[in-house]
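Subject: Handover of a structure and findings

Dear colleague,

Please find the structure below, together with its sequence. My notes on what was found in it follow.

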Amino acid sequence: MSSEELIAGQAQELRRGTVVLACLALLDEPQYGYALLETLNNADIAVDGNTLYPLLRRLEKQGLLDSEWNTDESRPRKFYRISDAGTEARAELIREWNALVASMARLTKETP
C-alpha cells in the first residue's frame with residue numbers, strides 16, 4: 001500500500017464520524033436525501049448515496065430524524081428533518097466535537 005493510499009484511508013476514517021453531525025447540523029429545514037447529499041459534497045464532506053441513505057434511515061429509527069413523504073411532484077420524495085431528540089443530540093455532539101478539536105489542537109502543537 002502506498003503512503004498516499006494509506007493517508008487517503010485514514011482521512012476517510014476521520015471523515016466517517018463527522019457525517020452524522022453534519023446531517024444533524026443541516027436538517028433544521030426539511031431536505032430530501034439527494035439534496036442533502038449534494039449539500040454535503042459541496043461542503044467538501046465526501047459521502048456517497050450508499051452511505052448516506054442507510055445513515056438517514058438509521059438516524060430516523062433512532063428517533064433523531066423525522067421524515068415525511070412529499071407526493072406533490074411527479075416523483076415522490078422523502079424529506080428528513082431533525083427531531084427534538086436530534087436537536088438535543090446535536091447540541092451534545094457539538095460539545096464533544098469542540099472538546100475533541102481543542103484536544104487535538106493541544107496535541108498537535110506539542111509535536112515538533
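**The sheet**

Three strands form an open sheet in the order β1-β3-β2, with antiparallel pairing. Its edge strands are β1 (31-32) and β2, each of which pairs on one side only. Strands and helices here are DSSP runs, numbered from the N terminus: a strand is a run of E of at least two residues, and a helix a run of H or I of at least four. Two strands count as paired if DSSP finds at least two bridges between them.

This is a predicted model, in which local features need pLDDT of at least 70 and side-chain atom pairs count only at pLDDT 80 or more, while totals for chains, interfaces and linings use all residues. Residues are numbered from 1 along each chain as its sequence is written, and side-chain values use heavy atoms, with hydrogens and water left out.

β2 pairs with strand β3 (residues 77-82) in the antiparallel sense over six bridges. These two strands, β2 and β3, form a hairpin with six residues between them. L65 has I82 of β3 as its bridge partner, and N70 is bridged to R77 of β3. On the pairing of β1 with β3, the sense is again antiparallel, over two bridges; here Y32 has F79 of β3 as its bridge partner.

**Helix α2 and its two partners**

Helix α2 (residues 18-26) packs against α4 at an angle of about 70°, with the axes 11 Å apart. α2 is therefore roughly perpendicular to α4. Axes are lines fitted to C-alpha atoms, for helices over the stretch in contact, and angles run from 0 to 180 degrees between N-to-C directions. Roughly perpendicular covers 65 to 115 degrees; angles under 35 count as roughly parallel, over 145 as roughly antiparallel, and the rest as oblique.

The crossing of α2 and α4 is right-handed, a term used if the near helix is turned clockwise from the far one by less than a right angle. V19, V20 and C23 of α2 meet L52, L55, L56, R58 and L59 of α4 in this contact, where contact means heavy atoms within 4.5 Å. By class, the contact of α2 with α4 has seven nonpolar residues, no polar ones and one charged residue. Ala, Val, Leu, Ile, Met, Phe, Trp, Tyr, Cys and Pro count as nonpolar, Asp, Glu, Lys and Arg as charged, and the others, Gly among them, as polar.

The axes of α2 and α3 come within 11 Å and cross at roughly 115°, so that α2 is roughly perpendicular to α3. The crossing of α2 and α3 is right-handed. A22, C23 and L26 of α2 and L36, T39 and L40 of α3 make the contact.

The buried residues of α3 are G33, A35, L36, L37 and L40. Buried means under 20% relative accessible area, exposed over 50%, and partly exposed in between (1.4 Å probe, protein chains only). Among the elements that cover the buried residues of α3 are α2, β1, α4 and β3.

Which residue takes a positive phi just after α3? D44 does, at about 65°, although D44 is not a glycine. Most residues other than glycine have a negative phi. D44 is found in the loop between α3 (33-42) and α4, and its relative accessible area of 68% makes D44 exposed.

**Individual residues**

R90 is found in helix α5 (residues 84-110). Is R90 buried or exposed? R90 is buried, because its relative accessible area is 13%. Leaving aside neighbours within four places in sequence, R90 is in contact with L21, L24, A25, D28 and I82. I82 is also the β3 bridge partner of L65.

S3 lies in helix α1 (residues 3-16) and counts as exposed, at 54% relative accessibility. S3 and D48 are 45 residues apart in sequence and 24 Å apart in space, C-alpha to C-alpha.

Q62 is in the loop between α4 (49-61) and β2 (65-70). With a relative accessible area of 46%, Q62 is partly exposed.

With kind regards
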